[in-house]
Structure formats: structure tokens, C-alpha cells
Amino acid sequence: MFQQEEYDVIVVGAGHAGCEAAAAAANLGSKVLLVTMNMNTIAQMSCNPAMGGVAKGQIVREVDALGGQSGIITDKTMIQFRMLNRSKGPAMWSPRAQSDRMRFAEEWRMTLEQTPNVDFWQEAVTGLVVENETVVGVKTALGIEFRGKSVVLTNGTFLNGLIHIGEKQFGGGRAAEKGSTGITEQLLELGFEAGRMKTGTPPRVDGRSLDYSKMEAQPGDEVPSKFSYLDTPYLSKQRPCYITYTNPEVHEILKEGFEKSPMFQGRIKGLGPRYCPSVEDKINRFADKDRHQIFVEPEGWSTVEVYVNGFSSSLPEDVQYRALRKIAGFENAKMFRPGYAIEYDFFPPTQLQLTLETKRIKNLYFAGQINGTTGYEEAACQGLMAGINAHNRVHGKEPFILKRSEAYIGVLIDDLVNKGTDEPYRMFTSRAEHRILLRQDNADLRLTPLGYALGLASEERMELVRQKERETAEIIELLQQHAIEPQEINGLLEELGSATISEKTRAVNLLRRPNMELADLTRTLPNLTLALAPFRADSLEQAIIRIKYETYIEKEHQQAGRMQELENFVIQGRLDYQQMPALSYEAREKLLRVQPETIGQAARISGVTPADISVLMVYLGK
């Protein structure tokens, strides 16, 4: 069986990247083998039990819009939902859900088991089968060889993983699970560059031992939304999270462990995530602060296990325990397990094409933390894109690449491939130059037509998009035609501190005022409320955003069009940039290594200046 059957796509690793890769390729029609060291930890939330957040929520919506599974599974298993940054403009609105850790993993496994074309194998992969610079399969620890037309590596933190707790260190991919060896060594022999990164996780504690009366409750939204654009369930009840704080006494106890800290004593070589530092790093770097926020997050509907977000640590377990008990509400805390740091191998993503296929070995794809990213959402979207492109590759179809103006997914992959990363890469809204176009509310309008054309997004999804587009246009037309008399609205305008009107005005003009919301109009104008009643809430939201931000949206479309002109200048073949002395030395070096496919891609490579681009365009006769 093992030697005879050839798969279209073999996915190594069943974390968030691996699950999306396997589901995408299989749903497109490929025969997929998903290999994991432990089938009981498929889609394990290794760190905090949550999906989404600033920019990350946009990614989950994009994955869903294309036909991926993360949004659906989050909706089915979340215990709290919040839309972050509601006080800011819609480009910043970001959905976030607290998840039931066990239910999330279970739902992912059930989804994959019910997906035709997915086979499973539980074992460690120790190497690749490579022939003529093309991957043709994988080898396992038992010596079994599985043949495949393509391979997607989604190894997470398992490649030569090393766990640190104080002065103790031991091999492992995460707590109580062994690491993976063999793959890094083979890839190095094949000519790949590798590096080390570090991440960490906080202690888990018994929620029954906490005093929540000493903490600030952090409830979900009063009217919770969800991630998927499909008809997934809305939450009818929610579990609160809580906020508490460290204090000087906590900091002093933690400092006692610095002499045994693997980070401060140099035993950890890899760089950790800049925007999610350990608690010891925070009190060391921000010595002027006498407290730091701690987010107390339940791990599910029924379990008593609690995730202590903000207290990531690799200090000795006794130091962690004593410091924890000095936090308000944690005086009698019982620890389930201490926090730890983990170092693991990654491969600088400048060694990839924009499809996530490696430049050195054909049909081999990398996705997730192997590329230097951090976060479930970043991993999931890479897995989705690698799964799509692996399928397309083996079936002779065109590559699927998203532009920076089309999706946060496009921004992420473009950043990785062109700029690389030497620290765990995390997505932020500030990384996207077109973020007014890349909102969480319009991911379906942007991407579902593309997913539908691929064959991944269903007819049901596409029809929902068509309906939303029709309704949005109808609402805008209605508001453009609906006239309002001064006596109907001036009372509300005075209440809002807005200039009154002296003649009949269209509703759309009033809605363009920054302090005027649709809810203000509808509570004042019963006839308008009645006219808008048949429309869906998401269509109404879309219409209002387009009305209020019409000018900004148009400007960004124009800017994206100008940038697209550079993308249309294709660089044919492999160029020897060392033979272009007019280029700067750094530009020659970077361009030679990356081998950009377009002028636009070349312009985004770190170290390539506008002057270098001018030289390159002259050389290419553009």
C-alpha cells in the first residue's frame, strides 16, 4: 500500500497551516495524505485559545472568503466574540474570538475526516524523497516511503525543537510532545539556509483557584458577530475574560530568576516575537513601568483550565509560581503547568516563490512557522495558499497569487518572499498600504469570486456575494433618492452638535457627516426605517462604509492601479544582476538572490532603492 499509492499532495504537519493546506487541496480534487506525529493534537491551539485580532481577524475572514475552513470552525467553537477597534475607522475593525481549545481541535479533525480525498498517517517524517531537484515523496521514522507529486511542509515549532524552563532544557515540539529531526539536516544538504527562532507560552492555571472579584471583567460584544460569511451559528451566550495586573512585588520575584533565565544567560539563541515578549523581557525592557496587563482567558465552555495571557515565561517553575501568586486574584492560584520558551528551526522565506514553492526544489512548499511567521492566522492563510498552489501545480493549472491590494494574505506572502524576516513575523494593519480596501467587512466581495473561479468557494458562497452586491447598490440608491425635510431632522442635528439644514436634503449627504450614523437617522425617521427593513445587516454596513469613505476608497484604488503598472512589467528569465554595475552593490546582491518576477516585486525588496529601479527599467528597455 505505502509504496504503490501516489498522492497528489502530501502535507507534513497538522497544525493550522497543515489543516488548511490539506483541506484546500482535497476540496479542489487532489488526493491528499496528511502526516502528523499525533492525530490527537490535530489543529492544537499551542498558545492562546483565540482566533483573530488586529489584522489577524481580517486574515481569518479572507481565508473564509476563499473557501477555507478556519472561520467556520471558529464560529462553531467560540465562547466569546469581540469586534476590536470599533472606535476607529472601518479599516481598523478587527474581529476576535475566544475559542474552546478542545472543541476547536475536535471540529477541525471531524472536518478533515469528513473531507473526501484526505488520508491520514500518524508518524514522524524524517526526510524527503528528492529526484532531479524535484520532491517526489517523504520518508518516515519507520522507513516507510510515501510517494507524492508535491509536498507541503508545515512543521510548526517541531524542527529540532528545544524547550527551556529555567536551567532545564529538553527536546520537544511543544509541551509533552517530541520534536522532529532529520528534515532540517537534509534541507541544509540540499543547499537551503536555516535559522533559529524562539517563541514562548505562559503557565496554565486552575480557574477554580482564582478570585475573579479582584479582576476587571472583559465581556464579549452585546450583539456578537462571527467570522464566516456562510450561515454559521451566532453566539447566544458568552464566557467573559478578565484583566488583572502585575505589580512591583511580582516584578521583584521575577527578577530573582534572571540569573537562571535561559534568555538572559544566552542559552536561547533564536529571536522571539517582538510584539509578544515574555513577562521577564517586559519588566527588563520597561523598567519604568510598575505594572503590566494580564489577560485571564478561559480555555473552553466546561474546562477549568485558564490561559494567563501576558505572562509568557521561561523562568524556573518555582519563580513563575511565586510571582503568579502575587497578582491580584491569583493569591491562591494552582498551576497546571509552567510557561516555557521553545527554540526551533525556520527557513528564511526569501528562498520561496510567491506561490510558497521553494526555488531550489520543485513541487516543495513551505507554510507557517517554517517560514518565520508567528500566529495561527498567519499559518492558516499560508497553508491555504500552499495547498491551492500545490494542487494547481500537479494538475497543470496557473499559480494562484494574491496582490498586496487584494488581501492581507497577499501582503504577508509578499513581505516574506521579498523582505524576509529575522524575527517571528506578525501581521499588523500598518503593514498594508491599501488597508482601507482590505477591510474585514468586504473580504467576501474581494476574494470569493477568486475562490469560486478556483473551484474552492461554493456556489452558495458566490450567491451570497451576489446578493450582498445587489443589496448594497440598492441601499445606496435608496439613500441617494430619499429626501429629508428640515423639520424632520434638525432636532437630531442639534442633538448631535451638527449644522442644521434649511432645505430638503438627501439622506446620503447627511450620512457623509462624520458624526452621523445610520442608526441616528432610522430612530428619527420611521419611513426610512421601513424602507431599509428588507435588507441584510451586512449589506447595510457595506453601503454606509462606501458612502462615508467614498473619497478615500477611490484614492486607494487609484494608488493601487499605479502600483499595478509596475507589476505589469514582467522580468523575463533569470538575470545576472552582478553584470549591471549601475545598480548599487546591495541591490545587485538582493536582486540576484530573490530573482523578482516583476519590476513591482523588485521595488519592494529591502535595500533596492528607487534609483536602482530606474536603472533596472532602463536596462530592460521599459
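Helices (H or I, at least four residues) and strands (E, at least two) are DSSP runs, numbered from the N terminus.

This is a predicted model, in which local features need pLDDT of at least 70 and side-chain atom pairs count only at pLDDT 80 or more, while totals for chains, interfaces and linings use all residues. Residues are numbered from 1 along each chain as its sequence is written, and side-chain values use heavy atoms, with hydrogens and water left out.

Strands β12 (residues 162–165) and β13 (residues 168–171) run antiparallel and are joined by four bridges; two strands pair if DSSP finds at least two bridges between them. Ile165 has Lys168 in β13 as its bridge partner.

What is Ser314 in contact with, leaving aside its neighbours within four places in sequence? Among its contacts (heavy atoms within 4.5 Å) are His164, Ile165 and Gly166, along with Tyr340 and Ala341. Ser314 itself lies in the loop between β19 (305–309) and α8 (317–324). Ser314 counts as buried because its relative accessibility is 3%. Buried means under 20% relative accessible area, exposed over 50%, partly exposed in between, with a 1.4 Å probe and protein chains only.

Next, the open sheet. Its four strands come in the order β1-β10-β9-β8, with mixed pairing. The edges are β1 (6–7) and β8 (125–131), each pairing on one side only. β8 pairs with β9 (residues 134–140) in the antiparallel sense, over six bridges. Within that pair, Val129 stands opposite Gly137 in β9.

Now the helices. The axes of α11 and α12 come within 10 Å and cross at roughly 145 degrees. Axes here are lines fitted to C-alpha atoms, for helices over the stretch in contact, with angles from 0 to 180 degrees between N-to-C directions. On the α11 side, the contact is made by Asp444, Leu445, Thr448, Pro449 and Tyr452; residues on the α12 side include Arg461, Met462 and Val465.

Last, α17 (residues 537–548). This helix has twelve residues and reaches 17 Å from its first C-alpha to its last, close to the 16 Å expected at 1.5 Å a residue; the expected span is 1.5 Å times one less than the number of residues. Its buried residues include Leu540, Ile544 and Ile547. The buried residues of α17 pack against several helices, among them α11 (443–454) and α12 (459–481).
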